[in-house]
Protein chains: 2
Amino acid sequence: MADGAGNLFAFHGGGAGGWRVRAIAAVVGEGLPAVARLTIAPAAGPIPPSLMPWPLYGIVSNVRYATGAEVGQLRARQSGLGRPEASLAALIPIRKSAAWWKLAQDERRAIFEETSHHTAIGLEYLPAVARQLYHCRDIGGAFDFLTWFEFAPEHEAGFDALVARLRASREWTYVDREVDIRLIREG
Amino acid sequence: MADGAGNLFAFHGGGAGGWRVRAIAAVVGEGLPAVARLTIAPAAGPIPPSLMPWPLYGIVSNVRYATGAEVGQLRARQSGLGRPEASLAALIPIRKSAAWWKLAQDERRAIFEETSHHTAIGLEYLPAVARQLYHCRDIGGAFDFLTWFEFAPEHEAGFDALVARLRASREWTYVDREVDIRLIREG
């Protein structure tokens, strides 16, 4: 993705779109209203004021925790979005607590990786699971991150295991809102 | 400052405001149009679309590089904004290159602190210089950061030395736009 401007994306939930919603589950905290379909589209600022939960907005930004070695491992193994065989997707918006954001950079890094092994666990599921992180805390979103994953049906059990392992981590004790939306490509 | 929403601020340059502009200098890259005065005000999203350079928008966010030990040292020594004796201010908007943002977290941290000693140098000028960092890269601003400093007239030479030391650092080889705006409180 490009740097700077042009990194804003809108996740439109509604009656139209190439991704059909299979399930929306509130994992921690308040859920999201049900929608039938989802479209992800590049957006131009400004983000319109809205009391509606949809659309969700997120920004592709620089990495915040990964080291050069980890970025190298991820790049060597990862697959891109839009693979024809990856007909399933998950959109998991997440918010972390004020206690998390008050931590210093090394304290957050230590919980993220040295304690919770976030990147190391994720690496085990590459290249089967393609992923993209969108940031939304600094643009005033209801969540801090929109996490997006694409995988083939035969890798859904593996993806469920990945998510379960992360939810059992110390990092996840700082997650105070999480919604799990599963989708299937029909576009 | 509060977490999450409510952290957006607008720097209005124009004919009104409690800070009178003494000088605007283009340090690296394109400068900014001259204005007579500046107001800093909390802003509510959305950020209106504009081709004008003013206002500049920035967000108070979490620390990105400082360790817990460094945050502790900063908190122990720093002074707050708005001290009556701190009648001078500097607004220094900065943009870093694409090469900077492509670096991994540990690579940026190593340049920021272990090589360039950004926090260690800044600590030498506390509490004389009060400071606040505003982020704007992820909201599509023309700059990545708005850096704001307040100090008493007798500390201006020290502030100039601080800025000169940082501009001579390796970190600053990644700065591709920087404007230095000096102000005096008249509000």
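Helices (H or I, at least four residues) and strands (E, at least two) are DSSP runs, numbered from the N terminus. The structure described here is a predicted model, in which local features need pLDDT of at least 70, side-chain atom pairs count only at pLDDT 80 or more, and totals for chains, interfaces and linings use all residues. Residues are numbered from 1 along each chain as its sequence is written, chains are lettered from A and ligands numbered from 1 in the order in which they are written, and side-chain values use heavy atoms, with hydrogens and water left out.

Helix 1 of chain B spans residues 68-77, and B:Glu70, B:Val71 and B:Leu74 are buried in it. These residues lie on the same side of helix 1 of chain B, because they cover an arc of only 100 degrees around the axis; the arc is that of the directions from the helix axis to the C-beta atoms. An α-helix has 3.6 residues a turn, so residues three or four places apart point the same way. B:Ala69 and B:Ala76, on the other side of helix 1 of chain B, are exposed. The buried residues of this helix pack against helix 3 (105-115), helix 4 (118-124) and strand 6 (130-135) of chain B, where contact means heavy atoms within 4.5 Å.

## How the two chains are related

Chain B is superposed on chain A by a rotation of 180 degrees with 0.0 Å of shift along its axis, and the RMSD is 0.0 Å. The superposition is by least squares on the C-alpha atoms of residues with pLDDT of at least 70 in both copies. This is the relation of a two-fold axis. In chain B, the C-alpha nearest the axis belongs to B:Pro46, at 2.8 Å from it. Both copies use the same surface: 97% of the contact residues of chain B recur in chain A.

## The interface between the chains

In the interface, 29 residues of chain B are in contact with 28 residues of chain A. The size of an interface is often given as the accessible area lost when the parts come together. Here the area buried between chain B and chain A is about 2,300 Å², and carbon and sulfur atoms give 50% of it; buried area is the accessible area (1.4 Å probe) that two parts lose on being put together, summed over both. B:Asn62, B:Arg137 and B:Asp138 supply 24% of the area that chain B buries against chain A, more than any other three residues.

Between chain B and chain A there are 2 salt bridges, a salt bridge being a side-chain nitrogen of Lys or Arg within 4 Å of a carboxyl oxygen of Asp or Glu. A:Asp138 forms a salt bridge with B:Arg64, and the closest N and O atoms are 2.8 Å apart. On the side of chain B that touches chain A, helix 1, helix 2 (98-102) and helix 3 of chain B each supply at least two residues. Helix 3 of chain B gives the largest share of that side, 4 residues.

## Salt bridges within the chains

Over all chains, the structure holds 30 salt bridges. In chain A, the side chains of A:Asp160 and A:Arg182 meet in a salt bridge (2.9 Å, N to O). This pair links distant parts of the chain, 22 residues apart: A:Asp160 is in helix 5 of chain A and A:Arg182 in strand 8 (residues 175-185) of chain A. A:Asp160 is partly exposed, at 36% relative accessibility, whereas A:Arg182 is buried, with a relative accessible area of 12%.

In chain B, the side chains of B:Glu150 and B:Arg185 meet in a salt bridge (3.8 Å, N to O). B:Glu150 in strand 7 (residues 145-151) of chain B and B:Arg185 in strand 8 of chain B are 35 residues apart. B:Glu150 is buried, with a relative accessible area of 5%, and B:Arg185 is partly exposed at 29% relative accessibility. A further salt bridge joins the side chains of B:Glu178 and B:Arg167 (2.8 Å, N to O). Because B:Glu178 lies in strand 8 of chain B and B:Arg167 in helix 5 (residues 156-167) of chain B, this pair ties together parts that are 11 residues apart in sequence. B:Glu178 is buried, with a relative accessible area of 1%.

Methods. Buried means under 20% relative accessible area, exposed over 50%, partly exposed in between (1.4 Å probe, protein chains only).
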